[in-house]
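Here's a quick tour for anyone meeting this model for the first time. Take a look at it, then read on.

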Amino acid sequence: MNLTIIGTGYVGLISGVCFAEFGYQTVCVDKDQNRIDELNQSKCPFYEPGIEDLLNKHLNKTKLLSFSNSVAQSVENADIIFITVGTPSKRIEGEADLSFVWDVAKEISENIKKYCLIVTKSTVPVGTTKQVKKIILENINENSFDVVSNPEFLREGSAVNDFMRPDRVVIGCENQNSENIMRELYRPLNLNETPIISTSIESSEIIKYASNSFLATKISFINQVSDLCEKVGANIQDVAKGMGIDKRIGSKFLHAGPGYGGSCFPKDVKAFINTANNHNVDLSILSAVDKFNDGRVDKIADKIMSKAKLRTGETASILGLSFKPNTDDIRDSTSIKIAKILNQKGIKVKSYDPEAMSNAKKENPFLVLCDDAYIACEESKVIIIGTEWNEFRALDLKKIINNKNNLCIFDLRNIYNPKELKQLGFDYFGTGT
Ligand code: UDX
């Protein structure tokens, strides 16, 4: 099978490389020539464990993978074309901006030469895949193609593994022929007995938004309960454990923290609310989730300022700048948001992150970036654990406290044992403890 993937962002590139690993001849297309040049030198534009090895293997050894800047040339021989271009939030009301999807659909319709499937893999609001079909029908006849929705559930930091061992694959098709081709595409996953869920196109589009929104709801819920725990002397980790053991609830995504960030949850929750509003449907539960999450960083910054009695001109250190570990992605990173608020209050912010510092520096020149966590913590009144990178779990904290009095540590991700830190002399503040 010949595959063409249009858009070499996160979803497109991971999918392309992993489909090549399945053994398919795959072309990844992007109009950004610089990006194509870098990819042709096996350089991945973002940090993701495992991706560069696979990229190198299939670009240079198996030659199953290639890159191009031309949609026209790359779609001619394709059996399946995936649309994986960006769908950013529009400024107004979080609606997804689909202009890249429409442009690509038009270009595909002007260039395909034989029957193929056109698959939306970017996260797109319900109705988008059928709209893609309408655009393509303006140029070619309906027997020459089928559209499919096949959303991706990749998590940054573990995307290769998520692609190779997914909990499920969702395919939204209009007819048996397209379903058969999609099932054939994912046949390599039969070995792991991966469930393939076949639905209508609309259901498939909704599954993606409903899944991300549900996980975001779990996070806002546990964060609100963690605020209550702080007031009444309960411990959120014990509470989450006690809840999560109930199989109906499940223990995943019950980690209290500074709120969800990243390129998906904030954007997808807002877009899903927008879709519900457009159809006059009450999804107010999600509006509450979104509002609470947006306001959480301000409350955390206030808590840090007041508990640590921070004054203008003093220094705070933030360990971890990416929105989660094992990625250099800082989109909607709660660490960066907290750093910005502290900076606006006149606090000097020092920081260290294993992978995200160059991305962070570009947009936040006020950050004082350091070569390691220990240097970042020197001369600080407050240490904030913003992201739970493994290397922050095993810090030599004696070296950091080094006879200082009242050094405050705000462990936003609850990675340390409060008792041990208090014994070492820290003023320890966890989340929901
Ligand atoms: C998410 C979805 O998990 C994935 O299926 C989808 O395709 C893309 O969006 P990702 O954004 O990479 O993936 O990261 P994820 O691990 O889901 O974390 C999202 C955010 O939630 C992070 O900011 C994380 O710190 C936060 N989070 C997660 C919590 O605060 N508590 C938790 O218990 C879990």
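Which backbone N or O atom lies 2.8 Å from an oxygen atom of the ligand? The atom belongs to G261. Before going further, a word on the ground rules: this is a predicted model, where local features need pLDDT of at least 70 and side-chain atom pairs count only at pLDDT 80 or more, while totals for chains, interfaces and linings use all residues. Residues are numbered from 1 along each chain as its sequence is written, and side-chain values use heavy atoms, with hydrogens and water left out.

**Around the ligand**

| Residue and part | Distance to a ligand oxygen |
|---|---|
| K208, side-chain N or O | 2.9 Å |
| G261, backbone N or O | 2.8 Å |
| K324, side-chain N or O | 2.8 Å |

Taken alone, the ligand exposes 660 Å², and the protein buries 92% of that (Shrake-Rupley areas with a 1.4 Å probe). In total, 18 residues surround the ligand, and the closest are E156, K208, G261, K324 and R413; a residue counts here if one of its heavy atoms lies within 4 Å. Helix α9 gives the most to this shell, with three residues.

Helices here are DSSP runs (H or I) of at least four residues and strands are E runs of at least two, numbered from the N terminus. S226 is buried, with a relative accessible area of 0%, and S213 counts as buried at 3%. The label buried means under 20%, using a 1.4 Å probe and protein chains only.

What do they touch? Leaving aside residues up to four places away in sequence, S226 touches I236, A256, R296, T431 and G432. With that same exclusion, S213 touches D268, V269, F272 and L286. Contact means heavy atoms within 4.5 Å.

**The sheet and its helices**

Now for the strands. Six of them form an open, parallel sheet in the order β11-β10-β9-β12-β13-β14, where pairing takes at least two DSSP bridges. At the edges sit β11 (368-369) and β14 (427-429), each pairing on one side only. Strands β9 (315-319) and β10 (348-352) pair over five bridges, and T315 has K348 of β10 as its bridge partner.

Helix α12 (284-307) lies across β12, β13 and β14, running at about 160° to β13. Helix α13 (334-344) lies across β9, β10 and β12, at about 175° to β9. These angles run from 0 to 180 degrees between N-to-C directions, with axes fitted to C-alpha atoms.

Terms used. Buried means under 20% relative accessible area, exposed over 50%, partly exposed in between (1.4 Å probe, protein chains only). A polar contact is a pair of N or O atoms within 3.5 Å; within protein, one must be able to donate a hydrogen and the other to accept it, and residues adjacent in sequence count only if both atoms are side-chain atoms.
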